[in-house]
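User: I am new to this structure and would like to know what the terms used for it rest on. Please set each value against its definition.

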Amino acid sequence: MFILFFLVAAFVGLSKGYAAYSSAKISRWAPQKAVVSGLEGNMQKELLALGSAAVGKPFTPAQAAQLRTQIVQKYPMLREVDVSRGLLSGTLKISAERRTPVAKFVLPDNSVRYIDSDSTVYADPNPGLLTPVPFVELEGRVPEKLTDEFVGLVQSTLKLEKELSFAFLRFNLERDEVAMHMPDGTVIDFGPAKNLRAKARRAAQIIGWCRRNEKGPQRMDFRFFENGQVFLTQLGK
């Protein structure tokens, strides 16, 4: 009985000692290397440099959170940013994705901003665009996020590109009103920034009809769209 008690006590003691040792080792954890996933090119190199600066030094969960905050603040063009410690692998892991813009606009100071699919407004000095994105004029104070309705309109125009390939799109943020200007002079006054996807589909149908019937540039007024009416006015050539 004494031997059994001794073995149990020894096992408990060793378990607690190992737990304490492991806890201490984790608390003193230092990355042996840093890796970056989800990015490429210069952006990957810059984040790798941030991670590599921590190699060989104690790196706590609080420091991981601080590094993530630093990356989010310094690189607004990134999303899904994550910083984690690979306790067994000894690897400091940084992952992120680059935002994909759906439109761009220019502020009064001539700086360029982009809008992505989750309505976030952000700066990106080197967007590396594979395809051109629509240009938008924003009137009024620009928030950190635009409305989902407006972003939905921009995305709809990309799907309806044949009819709605516009010269520029103007969004008055103070009045919450949207207007689209076409290359041929046609002006689409969508009115309040609501039901914009449905308004875009109707505008595309009207433009298609006008082109088939050689009607020339028009002004469309969607103020009474909820009542099933769109007013159409011929513009002089």
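Predicted model: local features only at pLDDT ≥ 70, side-chain atom pairs only at ≥ 80, totals over all residues.

User: How do you know that the length of helix 5 is close to what is expected?

Analyst: The expected span is 1.5 Å times one less than the number of residues. Helix 5 (residues 196-212) has 17 residues, for which 24 Å is expected, and its first and last C-alpha atoms are 24 Å apart.

User: Which residues of helix 5 are called buried?

Analyst: Buried means under 20% relative accessible area, exposed means over 50%, and partly exposed lies in between, with a 1.4 Å probe and protein chains only. In helix 5 the buried residues include Leu196, Ala203, Ile207 and Cys210.

User: What does helix 5 pack on?

Analyst: A sheet of six strands, open and mixed in pairing, has the order 7-8-9-10-11-12. Its edges are strand 7 (136-139) and strand 12 (231-234); each has a single partner strand, so one side of each is left without a neighbour in the sheet. The twist from one strand to the next averages 15 degrees. Helix 5 packs on this sheet and touches strand 9 (177-181), strand 10, strand 11 and strand 12. Contact means heavy atoms within 4.5 Å. The direction of helix 5 makes about 160 degrees with that of strand 10; axes are lines fitted to C-alpha atoms, for helices over the stretch in contact, and angles between N-to-C directions run from 0 to 180 degrees.

User: Why are strand 10 and strand 11 said to pair?

Analyst: Two strands pair if DSSP finds at least two bridges between them. Strand 10 (residues 187-192) and strand 11 (residues 218-221) have three, in the parallel sense, so they meet the definition. Val187 stands opposite Arg219 in strand 11.

User: How do you know that the buried residues of helix 2 line one face?

Analyst: The buried residues of helix 2 are Met43, Leu47 and Gly51. Seen down the helix axis, they fall within an arc of 75 degrees, so they line one face; the arc is that of the directions from the helix axis to the C-beta atoms. An α-helix has 3.6 residues a turn, so residues three or four places apart point the same way. On the other side of helix 2, Asn42 and Lys45 are exposed. The buried residues pack against strand 1, helix 3, strand 2 and strand 3.

User: Why is Thr120 called buried, and which side chain makes a polar contact with its side chain?

Analyst: Thr120 has a relative accessible area of 12%, so Thr120 is buried. Thr120 lies in the loop between strand 5 (112-116) and strand 6 (121-122). Its side chain makes a polar contact with that of Asp118 at 2.8 Å. A polar contact is a pair of N or O atoms within 3.5 Å; within protein, one must be able to donate a hydrogen and the other to accept it, and residues adjacent in sequence count only if both atoms are side-chain atoms.

Methods: Residues numbered from 1 in each chain as written. Heavy atoms only, no water. Helix = DSSP H or I, 4+ residues; strand = E, 2+ residues; numbered from the N terminus.
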